[in-house]
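This briefing is for a reader new to the structure below.

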Amino acid sequence: PIAIHNLGNYYRKGMHGFPQDHVKALEQYHRAAELGDAGAYSNIGYCYMYGEGVEVDQEKANHYFELAAISGDNTARFNLGNAELNGDNMDRALKHHMIAIRGGFSESLKMVKEMYTNGDATKEDYTEALRTYQEYLGEIESAQRDKAAAAYAQYCYYELGA
């Protein structure tokens, strides 16, 4: 499923000799998702969010983000939190972001900070978010953290088409 997901990324961005083709990318993401790749569900959500190969449909985007989040994808959880923020559902937004923070997703920590700054989260909420993120960092060994950070940096390198 990972290789199929990557093939979808290549079509989506037009990388590594593949033509940019959002419809083919979406097909690959669906195949990878059916084989259990949670990140592929997240990318299907992006396709619906931005209209890549399909019509823009935020409801469908959120559906696929939910499938990805249920499978443990923290990026999808982050996106669900942001969708709830856009809908002024601050409690639900905070819950999604806190779950992503427990998984080490630092972008959700930044969103909780922004929510606190804007008065949409309490000082206690932000303190809990910081504490939760610190606990996450303390639970993983530094060698694992460094390896994960390097893998994420490599993923971003390819994802951005650099």
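The axes of α4 and α5 come within 8 Å of each other and cross at roughly 140°. Axes here are lines fitted to C-alpha atoms, for helices over the stretch in contact, and angles run from 0 to 180 degrees between N-to-C directions. The helices are DSSP runs (H or I, at least four residues), numbered from the N terminus.

The model is a predicted one, in which local features need pLDDT of at least 70 and side-chain atom pairs count only at pLDDT 80 or more, while totals for chains, interfaces and linings use all residues. Residues are numbered from 1 along each chain as its sequence is written, and side-chain values use heavy atoms, with hydrogens and water left out.

**Confidence**

- The chain has a mean pLDDT of 91, and 92% of its residues reach 70 or more; pLDDT is the predictor's confidence in each residue, from 0 to 100.
- Confidence is lowest in helix α9 (residues 142-159), with a mean of 68, and highest in helix α2 (residues 22-34), at 97.

**Helices α4 and α5**

- α4 and α5 are therefore oblique to each other, a word for angles that are not under 35 degrees (roughly parallel), over 145 (roughly antiparallel) or 65 to 115 (roughly perpendicular).
- The crossing of α4 and α5 is left-handed, meaning that the near helix is turned anticlockwise from the far one by less than a right angle.
- On the α4 side, the residues that meet α5 are Gln-58, Asn-62, Phe-65, Glu-66, Ala-68, Ala-69 and Ile-70. Their partners in α5 are Ala-76, Arg-77, Asn-79, Leu-80 and Ala-83. Contact means heavy atoms within 4.5 Å.
- The contact of α4 with α5 divides into 7 nonpolar, 3 polar and 2 charged residues. In this scheme Ala, Val, Leu, Ile, Met, Phe, Trp, Tyr, Cys and Pro count as nonpolar, Asp, Glu, Lys and Arg as charged, and the others, Gly among them, as polar.

**Helices α5 and α6**

- Helix α5 (residues 74-86) packs on helix α6 (residues 90-102) at an angle of about 165°, and their axes are 8 Å apart.
- α5 and α6 are therefore roughly antiparallel, and their crossing is left-handed.
- From α5, the contact takes in Asn-74, Arg-77, Phe-78, Leu-80, Gly-81, Asn-82, Glu-84 and Leu-85. From α6, it takes in Met-90, Arg-92, Ala-93, His-96, His-97, Ile-99 and Ala-100.
- By class, there are 7 nonpolar, 5 polar and 3 charged residues in the contact of α5 with α6.
- Asp-88 is in the loop between α5 and α6. Its phi is near 60°, a positive value in a residue other than glycine.
- With a relative accessible area of 60%, Asp-88 is exposed. Exposed means over 50%, buried under 20% and partly exposed in between (1.4 Å probe, protein chains only).

**Helices α6 and α8**

- α6 and α8 pack at about 20°, with 8 Å between their axes, and are therefore roughly parallel.
- Leu-94, Met-98, Ile-101 and Arg-102 of α6 make the contact with Asp-125, Glu-128, Ala-129, Thr-132, Tyr-133 and Tyr-136 of α8.
- The contact of α6 with α8 has 6 nonpolar, 1 polar and 3 charged residues.
- Thr-132 lies in helix α8 (residues 123-139) and is buried, at 6% relative accessible area.
- Not counting residues up to four places away in sequence, Thr-132 touches Met-98, Ile-101 and Arg-102.

**Tyr-64 in α4**

- Tyr-64 belongs to helix α4 (residues 58-70) and counts as buried at 15% relative accessibility.
- Leaving aside neighbours within four places in sequence, Tyr-64 is in contact with His-30, Tyr-41, Ser-42, Ile-44, Gly-45 and Tyr-48.
- Tyr-64 and Thr-117 are 53 residues apart along the chain, and 30 Å separates their C-alpha atoms.

**Two histidines**

- His-16 is placed in the loop between α1 (2-13) and α2. Its phi is near 55°, a positive value in a residue other than glycine.
- At 48% relative accessibility, His-16 counts as partly exposed.
- His-22 lies in helix α2 and is partly exposed, at 24% relative accessibility.
- His-22 and Gly-53 are 31 residues apart in sequence, yet 4.6 Å apart from C-alpha to C-alpha.
- Apart from neighbours within four places in sequence, His-22 is in contact with Arg-12, Glu-52 and Gly-53.
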